[in-house]
Amino acid sequence: MADQFANVYADAERAKSYARLGYPGTYYLAFRDIPELLRRHIQGRQALDFGCGTGRSTRFLKDLGFHTTGIDIAEPMLREARASDPQGDYLLASAGQPPELPPDAYDLILAAFTFDNIPTGETKTALFRALGRALSPGGRIVLIVSTPEIYWHEWLSFSTKDFPENRQVPDGGRVRIVMLDVPDRRPVEDIVWSDRAYRKVFRDAGLRVIQVHQPLGLPGEPFPWMSEVSVPAWTVYVLSRADRDQVAG
């Protein structure tokens, strides 16, 4: 099962490159509307950053006032997170099984791009079940994932022009993309997963979709947008445990 959790980011050179990454370009859109979504849906202050990488999203939540623990399977990424945030709480998870998390502990679980690197529905479902058990009553999972379309277009922060085969890759297949905001220009391999496939995983994991948001670039923003103004690069899901909450109107 460990190979299903293979992390292309568990690389010291890539980790150093990511450690300097903020919220430029297309990444800005992934996080731009998160504070408003959290104000709307999150009541408590206890948070888990699942798949925290170098701690960018962990620090983002801490700056918003959340008491946040970061967890990741890549030790090189965690080393960079601890160097940037020595007082932070960063944990290493096993790559071979869902993490053992305290039940009913977190008002918010953020997973930013984490599931772009998890290949099978079975593995995704097991992880979401574990995250669901860790939610407090009324708690929410906020999931940020890449849309399949991100692998078909040109973006301010990404290039896919050298990988036309991406358009033909089915759910669960590997796609390639080049990040333009970091010095490391080696192609990144991700797992493509459609909205329909995600919704099946959510149902199987006992989760309910509360809100879906796909941010687009807006006129007047300080970026020379490309595909961002017409094609969503990201989908943000707000999820609850189906056995606890009703869908918000």
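## Overview

A residue counts as buried when its relative accessible area is under 20%. By this criterion, buried residues make up 55% of the 249 residues in the protein. The structure is a predicted model, and every value below was computed from it.

The secondary structure consists of 7 helices and 10 strands. Among the contacts with a separation of 6 or more, 70% are between residues 24 or more positions apart. The accessible surface of the protein comes to about 11,000 Å², and carbon and sulfur atoms account for 51% of this area.

## The nonpolar cores

The largest nonpolar core contains 35 residues, and the members that touch the most others are Ile144 and Trp234. Two or more residues each come from helix 2 (25-32), helix 3 (34-41), helix 4 (56-63), strand 4 (106-112), strand 5 (135-146), strand 7 (174-179) and strand 10 (234-241). Helix 2 gives the most to this core, with 4 residues. There is also a second, separate core of 29 residues, including Ile71, Ile109, Leu135 and Trp193.

Helix 2 is mostly covered, with 6 of its 8 residues buried. These buried residues are Gly25, Thr26, Tyr27, Leu29, Ala30 and Phe31.

## Strand 5 and its neighbours

Strand 5 is largely enclosed by the rest of the structure, because 10 of its 12 residues are buried. Strands of a sheet pair through backbone hydrogen bonds, either parallel or antiparallel. Strand 5 provides an example of each arrangement: strand 4 and strand 5 run parallel and are joined by 6 bridges, while strand 5 and strand 10 pair in the antiparallel sense over 6 bridges.

Individual residue pairs show these arrangements in detail. Leucine 110 stands opposite valine 142 of strand 5. Serine 146 has tryptophan 234, in strand 10, as its bridge partner. Tryptophan 234 is also one of the two residues that touch the most other members of the largest nonpolar core.

An open sheet is formed by 3 strands in the order 6-7-8, with antiparallel pairing. Its edge strands are strand 6 (158-159) and strand 8 (188-191), each of which pairs on one side only. Strand 6 and strand 7 are joined in the antiparallel sense by 2 bridges. In this pairing, serine 159 has valine 178 of strand 7 as its bridge partner.

## Salt bridges

The whole structure contains 13 salt bridges. One of them links the side chains of glutamate 36 and arginine 39, with an N to O distance of 3.1 Å. Both residues lie in helix 3, where they are 3 residues apart, about one turn of the helix. An α-helix has 3.6 residues a turn, so residues three or four places apart point the same way. Glutamate 36 counts as partly exposed because its relative accessibility is 37%, whereas arginine 39, at 60%, counts as exposed.

Another salt bridge joins arginine 82 to glutamate 75, the closest N and O atoms being 3.1 Å apart. Arginine 82 is partly exposed, with a relative accessible area of 32%, and glutamate 75 is partly exposed at 26%. Arginine 32 counts as partly exposed, at 21% relative accessibility; the cut-off for a buried residue is under 20%.

## Residues with positive phi

Most residues other than glycine have a negative phi, and most peptide bonds are trans. Aspartate 104 has a positive phi of about 55° although it is not a glycine. Aspartate 104 lies in the loop between strand 3 (89-92) and strand 4. Its relative accessible area is 38%, so aspartate 104 is partly exposed.

Phenylalanine 113 also has a positive phi, near 75°. This residue is placed in the loop between strand 4 and helix 6. Is phenylalanine 113 buried or exposed? Phenylalanine 113 counts as buried because its relative accessibility is 13%.

Notes: Residues are numbered from 1 along each chain as its sequence is written. This is a predicted model: local features need pLDDT of at least 70, side-chain atom pairs count only at pLDDT 80 or more; totals for chains, interfaces and linings use all residues. Side-chain values use heavy atoms; hydrogens and water are left out. A nonpolar core is a set of buried Ala, Val, Leu, Ile, Met, Phe, Trp, Tyr and Cys residues joined through side-chain atoms within 4.5 Å. Buried means under 20% relative accessible area, exposed over 50%, partly exposed in between (1.4 Å probe, protein chains only). Two strands pair if DSSP finds at least two bridges between them. A salt bridge is a side-chain nitrogen of Lys or Arg within 4 Å of a carboxyl oxygen of Asp or Glu. Contact means heavy atoms within 4.5 Å. Accessible areas come from the Shrake-Rupley method with a 1.4 Å probe; for residues, only the protein chains shown count as cover.
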